[in-house]
Amino acid sequence: MDDNQFRKLLERQNLSWAGYRKVRKGVKKRIRRHMRELGCRNIEAYLSELEKNSEDRKQYELLMTVSISRFFRDCKFWQTLQNELLPNLIKENKEKIKVWSVGCARGEEVYSLKMIWEQLKENIGNLPELEIIATDMNPACLERAKAGIYPSSSLKEVKKELITACFEPKKGGISYEIKSFLKKDIIWKQSNLLSDPPGSGFNIIFLRNNLLTYYQEPEKTTAFKKIIHSLSPSGLLSIGSHEKLPFQTDKLKPVEPYSFVFKKLF
Ligand SMILES: C[S@@+](CC[C@H](N)C(=O)[O-])C[C@H]1O[C@@H](n2cnc3c(N)ncnc32)[C@H](O)[C@@H]1O
């Protein structure tokens, strides 16, 4: 499959070439396998098969998702969250802090937050209730997230003391499982970020390395507006360190000096 053919696959769902360029090798491999299973010899035959069969179409949509993630991805953001953003939110004396992780992959982002929260509990003491809803369209990712088992290579950016406190080694250290106390109070839900948000009044939304990287207009703007709408006034929006907002808006103000966190003004 050459890049022109791959672009046809992206266009079908309004996905972005710029977002997929670097990761296309792995995606092409998965799609080629699916084409073989369906007996399609070329992209045209595959696209026409997808038109005919909704199950195959669903499968294609899942195969196009990119679930690369890691604990504490963009470490500057996590430091800021731990040292500044969360302590400020906690000072506001809320009873509950509501968080939505959009496109949570295998849970790395959610468990990174839980690890930070545990550290804050030790340092600050009494914390508000933390309610996390984590959504992804890929059910296989969600199953992996719930199980919370990761190869040791995924833990490269996790500090040694956190590995000891938060993970259980398995198979002699080949893999590590998140300890059960960290798995509590997380709602995992299969949901498409292009459809309606799973709630409202979120104090923090993680919208990192999915909508803004892999989708094109008009989906990007339409979904983004709904997501922002579900953020509470003065709630925080976190985006990936290489991402930009899809349009200028006076509803969101960057939390200076960072370019990856925004505060909702009204
Ligand atoms: C590259 S991972 C990013 C994971 C994490 N947010 C991070 O920054 O490390 C993107 C995730 O978004 C999910 N995703 C992509 N499109 C989606 C959609 N339309 N609805 C819900 N999840 C989606 C994928 O299944 C994948 O697990």
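**The ligand site**

Of the 19 residues around the ligand, those that come nearest are Ser69, Arg73, Asp136, Asn192 and Leu193, where a residue counts as near if one of its heavy atoms lies within 4 Å of the molecule. This is a predicted model, in which local features need pLDDT of at least 70 and side-chain atom pairs count only at pLDDT 80 or more, while totals for chains, interfaces and linings use all residues. Residues are numbered from 1 along each chain as its sequence is written, and side-chain values use heavy atoms, with hydrogens and water left out.

By class, the shell holds six nonpolar, nine polar and four charged residues, with Ala, Val, Leu, Ile, Met, Phe, Trp, Tyr, Cys and Pro taken as nonpolar, Asp, Glu, Lys and Arg as charged, and the others, Gly among them, as polar.

Turning to individual atoms, a polar side-chain atom of tyrosine 215 lies 2.8 Å from a nitrogen atom of the ligand. The side chain of glutamate 109 places an N or O atom 3.1 Å from a ligand nitrogen, and for glycine 103 a backbone N or O atom lies 3.1 Å from a nitrogen atom of the ligand. On its own the ligand has 600 Å² of accessible area, of which the protein covers 98%, the areas coming from the Shrake-Rupley method with a 1.4 Å probe.

As for its location, the ligand sits in the largest cavity, meaning that more than half of its atoms lie within 2 Å of the cavity's grid points; a cavity is a set of points, on a 1 Å grid over the protein atoms alone, where a 1.4 Å probe fits but cannot get out.

Notes
A polar contact is a pair of N or O atoms within 3.5 Å; within protein, one must be able to donate a hydrogen and the other to accept it, and residues adjacent in sequence count only if both atoms are side-chain atoms. On a 1 Å grid over the protein atoms alone, a cavity is a set of points where a 1.4 Å probe fits but cannot get out, and a pocket is an open set with protein on both sides within 12 Å along at least five of seven lines; lining residues have an atom within 4 Å of a point.
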